Amino acid sequence: MTSTDTSAPQGRGELRDQPHTTVTRQTAPALTAFPGPPPDRTRWLALAIVMTAAFMDLVDVTIVNIAIPSIQRDAGASVGQIQWITAGYALAFAAGLITGGRLGDIHGRRRLFLIGVAGFTLASALCGFAAGPEMLVASRILQGGMAALMVPQVLSIVHATFPAHERGKVFGLFGAIVGLGAVSGPLLGALLTEWNLFGLEWRPIFLINLPVGIAALLLGRRYIGESRAPHALRLDLVGVALVTLGLLMLLYPLTRGRELGWPLWGYASMAGALAVFAALVVYERRKAARDGSPLIEPSLFRVKSFAAGIAVQTVFGVALGIFFLVWTLYMQVGLGWSPLHAGLTGVPFSVSVSVAAGVSVQKLVPRFGRKVLQVGALLMALGVLLYIGESDRYGLAVASWQMALPLVVMGVGMGLIVAPLTDAVLSEVPREHAGSASGLINTVQQMGNALGLGLVSVVFYGAVDDNLTSEPVGPAFVNAFQGALGWVAAVLGLIFLLMFALPRRATAEKEPFAPER
C-alpha cells in the first residue's frame, strides 16, 4: 500500500494533476482508514458520491418546475417571482460557475465540493422553510450560488481521476444520471406536492435534499481524494467581477423585462454587457501573459473541440430553458392537469434520455463520432414538431399517451447530445485547467438556460397576453405553447449547424500545455 503513495504529500492523499498512473493510484484519506478496498474501487466510490451531488442538482431543477403552479397558488407568488424562482437559481449558478471551478483548481476540488454540498443543503432548508415568495427567491439564489461551488468540481474530479479511455464509460453513466434526474424530479415533485406531507404543501421538494446532502458530505470526506492545479494559482478577482457584472447586465433585464414593461435601461444594460465581455477577453489575455492566473484560461480556446463545444452548449441551454418551463405551464395551467398527471406524462421522455445517453457514449460515438450529436439535434427538432402537431390536432382534449411519441423522439435526441457533448468538449483539455474548463462549460449552459428562461417572457407570456384578449385561459396557453415550441425547433436547427464546428471524432487527451504567454 505504501508503495503507491509516493506522489501525494504524506497524510493528505492530495493529487496535483499528475499523469494518470499516479492519479488512479491515489491514496485518499479513506484508504488510510479503510485499507481493504483497492484504489480502483475507491475512485469508483468517489465517482458515485460526486454523481449523487450532480443528481441532487439536476433533480432540484426539475422538481421545482413541476411544483411551480402549486408554489404560485400557495405562496401567492407573482408571475415575476415565479420566473425568479427558476431564473434566479440559474443566474446565480451561471455567475458563479467559472469562479467555483477556478477556486477548486486553487484550493482543492474536494474541499470546494464539500463546501458547495454543505451550502446547497443549508440553502435547501431555507427554501423549504421560506416564509414568503421573497424569502424563497433569495434562498433559491443562494442555492444556485452554492451549486456553482459544487457542480464544477464533479467534472473536474472525474477529469483528474479517470484517463481518457475510461471517460466514455464515466460520461455514459453521467448521461444516465441526467436521464434519471429528469425522471425522478418531476415524479418526486408531483408526489410530494400531491401528498402534502404534514401539511407542508410544496416545501418537501426542497427539504428532501437534506438527507441526501448530509450523506454526500459525510461520505465525500472519506472517499474523495484531493486534487488541484499543479502550479500555484491566484484567484483573479477582476475577472470574477467582470464575469459576474456581464452576466447580471445581460440576464437581469431579460428576466424582468416583461414585468417592468421593457424599459430603455434594460436594452442599454444588455448592450453594455457585450462591452463588459469584450473587456473581460482583453483583460484575461493580459492576465495570462502577466502571471499565468487568469479566471478563464485563454489558451483553452486554442482547443477547437472546446471552443466549438462551448458555442453548442450555450445555444442548447437556450432551447432547454424555454422548453421545460413552458411545458410545465402548458400541462398544469393550460390543460389543467395535476402535478402527478404532468409528472407521469414526462416519464417516456426521461427514460428515453437516460437510455440514449448511455448507448450514445459507449456504443455510437466511438463508431460514428460527431454525426451522433447531429442526429440527436435533428431528432429533438423532429420531436418538437410532432409535439406541435399533436397539440394542434387535439387541443385541450390531448391525452398523455398522445404525447408519448413526440416525447420519446425528443428524449432520444437529447440523450444523443448531453453525455457525448460534455466528453467532446473536455476531451483535449489539459488536467491542470480542468476546473476552469468545467466551470466554463457549466456556465455557458446555465447562461443559455437563463437566457431561455428570460425569453419565455417574450415567446410565451407575450403570446399568452395577446391570446387572452380573445380566448379563455386554456386555449391561450395551448396556442402560446405551440408558438414557443416553434422557437425551440428553430434553436435546435441552429445547434445542428453549429455542430459542424465540432471535430469529427474526439481525439485522445493531450498532455498539459503551458498557458498562453
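Not counting residues up to four places away in sequence, threonine 99 touches Leu235, Val240 and Leu295, where a contact means heavy atoms within 4.5 Å. The structure is a predicted model, in which local features need pLDDT of at least 70 and side-chain atom pairs count only at pLDDT 80 or more, while totals for chains, interfaces and linings use all residues. Residues are numbered from 1 along each chain as its sequence is written, and side-chain values use heavy atoms, with hydrogens and water left out.

**The protein overall**

- The protein has 18 helices and two strands, these being DSSP runs numbered from the N terminus (H or I over at least four residues for helices, E over at least two for strands).
- Of the 517 residues in the protein, 61% are buried, a word that stands for under 20% relative accessible area, with exposed meaning over 50% and partly exposed in between (1.4 Å probe, protein chains only).
- Among the contacts in the protein with a separation of 6 or more, 84% are between residues 24 or more positions apart.

**Threonine 99 and alanine 148**

- Threonine 99 belongs to helix α4 (residues 79-107), and its relative accessible area of 12% makes it buried.
- Alanine 148 is found in helix α6 (residues 133-161), and at 1% relative accessibility this alanine also counts as buried.
- Once its neighbours within four places in sequence are left aside, alanine 148 is in contact with Ala92, Phe93, Gly96, Leu97 and Gly100.
- Although alanine 148 and glycine 100 are 48 residues apart in sequence, their C-alpha atoms are 5.7 Å apart in space.

**Serine 391 in helix α15**

- Serine 391 sits in helix α15 (residues 370-394), where it is buried, with a relative accessible area of 1%.
- Its side chain makes a polar contact with the side chain of glutamine 482 at 3.1 Å; such a contact is a pair of N or O atoms within 3.5 Å, and within protein one must be able to donate a hydrogen and the other to accept it, while residues adjacent in sequence count only if both atoms are side-chain atoms.
- Leaving aside neighbours within four places in sequence, serine 391 is in contact with Tyr330, Val478, Phe481 and Gln482.

- Helix α18 (residues 473-498) and α15 pack at an angle of about 165°, with their axes 9 Å apart; the axes are lines fitted to C-alpha atoms, for helices over the stretch in contact, and the angles run from 0 to 180 degrees between N-to-C directions.
- The two helices α15 and α18 are therefore roughly antiparallel, since angles over 145 degrees are given that name, while those under 35 count as roughly parallel, 65 to 115 as roughly perpendicular and the rest as oblique.
- By class, the contact of α15 with α18 has 16 nonpolar, four polar and one charged residues, where Ala, Val, Leu, Ile, Met, Phe, Trp, Tyr, Cys and Pro count as nonpolar, Asp, Glu, Lys and Arg as charged, and the others, Gly among them, as polar.
- Helix α12 (residues 304-334) packs with α15 at an angle of about 25°, with their axes 13 Å apart, and that makes α12 roughly parallel to α15.
- This second contact is made by Phe316, Leu320, Trp327 and Tyr330 of α12 and by Met380, Tyr387 and Ser391 of α15, and by class it has six nonpolar, one polar and no charged residues.
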